[in-house]
Amino acid sequence: MKILSRCGCQKVGNDQRCFRLYALFGGKKDNSGKSDDAPSKAGILGNMQNLYETVKKAQMVVQVEAVRVQKELAAAEFDGYCEGELVKVTLSGNQQPVRTEITEAAMELGPEKLSLLITEAYKDAHQKSVQAMKERMNDLAQSLGMPPGLSEGLK
């Protein structure tokens with residue numbers, strides 16, 4: 001067994017602080033030459049193999065669940081409206097346009113105003129679709145045991 005010791009001083013502002021660092025290496029050797037505080041190499045490799053298998057299984061679960069959530073979102077529809085509900089835009093859960101409905105009253109406002117109303121309705125539908133996606137991905141992350149906030153990477 002080796003004990004490593006090191007001393008030093010460090011200047012912090014107008015003060016000087018001294019420190020001493022100790023480190024302990026190795027372990028007691030028995031007659032077989034193996035250290036009693038370290039697992040055997042076969043044990044380490046076996047543990048790494050188990051960890052690898054666990055990670056692979058977790059990846060498969062995440063992939064299956066993510067595909068399920070994507071399918072649910074693709075089948076969902078989100079309606080967005082402009083002020084006064086003169087225009088309605090429908091988007092799928094993956095933000096693909098499905099349909100646009102324009103009332104006669106909106107048509108009478110002229111092309112420039114109509115363009116603004118359609119854009120407003122599209123933004124509303126898009127915001128609802130993205131919010132639903134975030135909620136579903138957050139639910140997925142929580143069902144997989146991820147702590148809250150860590151699921152931000154899934155969005």
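Is Asp79 buried, exposed or partly exposed? Asp79 comes out as partly exposed, with a relative accessibility of 25%; buried here is under 20% relative accessible area, exposed is over 50%, and partly exposed is in between (1.4 Å probe, protein chains only).

1. Some ground rules. This is a predicted model, where local features need pLDDT of at least 70 and side-chain atom pairs count only at pLDDT 80 or more, while totals for chains, interfaces and linings use all residues. Residues are numbered from 1 along each chain as its sequence is written, and side-chain values use heavy atoms, with hydrogens and water left out.

2. Salt bridges. A salt bridge means a side-chain nitrogen of Lys or Arg within 4 Å of a carboxyl oxygen of Asp or Glu. With that rule, the count is seven.

3. The Glu77 and Arg99 pair. These two make a salt bridge, and their closest N and O atoms are 2.8 Å apart. It ties together distant parts of the chain: Glu77 sits in strand β3 (residues 77–81) and Arg99 in strand β5 (residues 97–102), 22 residues apart. Helices (H or I, at least four residues) and strands (E, at least two) are DSSP runs, numbered from the N terminus. Glu77 is partly exposed at 44%, and Arg99 is partly exposed too, at 36%.

4. Back to Asp79. Its side chain meets that of Lys88 in a salt bridge, 3.7 Å from N to O. Lys88 counts as buried, with 18% relative accessibility.

5. Putting the charges together. Arg99 also forms a salt bridge with Glu101, the closest N and O atoms being 3.8 Å apart. Glu101 is partly exposed, at 38%. Have a look at Glu77, Asp79, Lys88, Arg99 and Glu101 as a group: a network of salt bridges links them.

6. The nonpolar side. A nonpolar core is a set of buried Ala, Val, Leu, Ile, Met, Phe, Trp, Tyr and Cys residues joined through side-chain atoms within 4.5 Å. The largest one has nine residues, including Cys82, Val87, Leu91, Leu114 and Ala125. Two or more residues come from each of β4 (87–92) and α3 (111–143), and α3 gives the most, with four. Another core, of five residues, lies apart from this one, with Ala66, Val69, Leu73 and Met137 among them.

7. Leu91 up close. Contact means heavy atoms within 4.5 Å. Setting aside neighbours within four places in sequence, Leu91 is in contact with residues including Glu77, Phe78, Val98, Tyr122 and Ala125. Glu77, then, turns up both in the contacts of Leu91 and in the salt-bridge network.
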